[in-house]
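Hi,

Here is the structure I promised to pass on.

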Amino acid sequence: MNKEEAIRIAHEAIDNGITFMDNAWEYNKHRSEEWMGEALQGRRDKVFLMTKVCTHGRDRQVAMQQLEESLRRLKTDHLDLWQIHEVVYYNDPEMIFRANGAIEALDHAKKEGKVRFVGFTGHKDPAIHLKMLSYNYPFDTVQMPLNCFDATFRSFERQVLPELNKRGIAAIGMKSLSGNADAVKKGIVTPQEAIRYAMSLPIATLVSGIDSLEVLRQNLAIARGFQPMQGKEMQALRDRCAQYAADGRFELFKSSKQFDADEGRIQHGFPPQSQMQT
């Protein structure tokens, strides 16, 4: 995809009522923020703009520096939501909540009016999300994988989502197509079933990666015709997927390292993906 295609997708999405814009400081070596910043010129007030801070254990100062860089690239003076990105290592909560850690940057940015809401994201293990929540910090949002395979394997739906709803924290779903749509390609579920399932959960919104106008229009059609699944229908889909879900083959972002971004790997002392043996 080039910049012109990306901008066209963003414009068509906004013009058709998609308002939640997902991004991160590190995506595509900062190009994602740069291109979105251009796409939002004249449309900034029509969207709920989110990006993520990618400190991976580094301190408050680094986080604030990343915020300024994100604001500049996105061509805005504030974010609607700023989330700590990719909380996927078991020592991440301790590093985030230590003195002078990234959590202090969230507080500071909110007080300065540079961000309206704050949260965190992760795709690895519900236990890490629950550890983050154990600090009782007043997060506004939490982003996590939610799909029809998740209920059977290291389930965020069963372990984390009820806790968020109990606390009044907005849940943001992601990876409704299991990260790489492999299950769709293999004919196990359809995009309509998978997205409708995730949208039927008690969440605030669903993030769906869109890399073409075809995918955008497919997702718009699903959203426009959306009818929430009833409980029996959701359970039937879980049951149908259970035999494929139990070993995590369609959620490798939970059990493998291949979905872990280089920024975090390097900060945690691991080699970048390019140096990993396949």
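The largest cavity holds about 40 Å³ of space, and the count comes to 1 cavity of 30 Å³ or more. Cavity here means a set of points on a 1 Å grid over the protein atoms alone where a 1.4 Å probe fits but cannot get out; points are joined across faces, edges and corners, and the volume is the space filled by probe spheres set on them. Its lining (residues with an atom within 4 Å of a point) consists of V53, T55, H56, G57, I84, H85, E86, V87, D92 and I96. By class that gives 4 nonpolar, 4 polar and 2 charged residues, where Ala, Val, Leu, Ile, Met, Phe, Trp, Tyr, Cys and Pro count as nonpolar, Asp, Glu, Lys and Arg as charged, and the others, Gly among them, as polar.

Before you dig in: this is a predicted model, with local features needing pLDDT of at least 70 and side-chain atom pairs pLDDT 80 or more, while totals for chains, interfaces and linings use all residues. Residues are numbered from 1 along each chain as its sequence is written, and side-chain values use heavy atoms, without hydrogens and water.

I84 turns up again in the largest nonpolar core, which has 60 residues; I84 is among those with the most contacts inside it, along with W82, F139, F149 and V189. A core is a set of buried Ala, Val, Leu, Ile, Met, Phe, Trp, Tyr and Cys residues joined through side-chain atoms within 4.5 Å, buried being under 20% relative accessible area, exposed over 50% and partly exposed in between (1.4 Å probe, protein chains only). Another core, of 6 residues, lies apart from it and includes F20, M50, I172 and M174.

Then there's N147, in the loop between β5 (141–145) and α7 (156–159); helices (H or I, at least four residues) and strands (E, at least two) are DSSP runs numbered from the N terminus. N147 is buried, at 0% relative accessible area. A polar atom of its side chain lies 2.9 Å from the backbone nitrogen of D150, and the N147 side chain also makes a polar contact with that of E251 at 3.1 Å. (Polar contact: N or O atoms within 3.5 Å, one able to donate a hydrogen and the other to accept it; residues adjacent in sequence count only if both atoms are side-chain atoms.)

Last, the loop between β1 (20–21) and α2 (31–39) holds K29, with a positive phi of about 55 degrees. H30, in the loop between β1 and α2, has phi near 80 degrees. Most residues other than glycine have a negative phi. K29 is exposed at 73%, whereas H30 is partly exposed at 23%.

Cheers

Methods. 1 Å grid on protein atoms, 1.4 Å probe; cavity = no way out; pocket = protein on both sides within 12 Å on 5 of 7 lines; lining within 4 Å.
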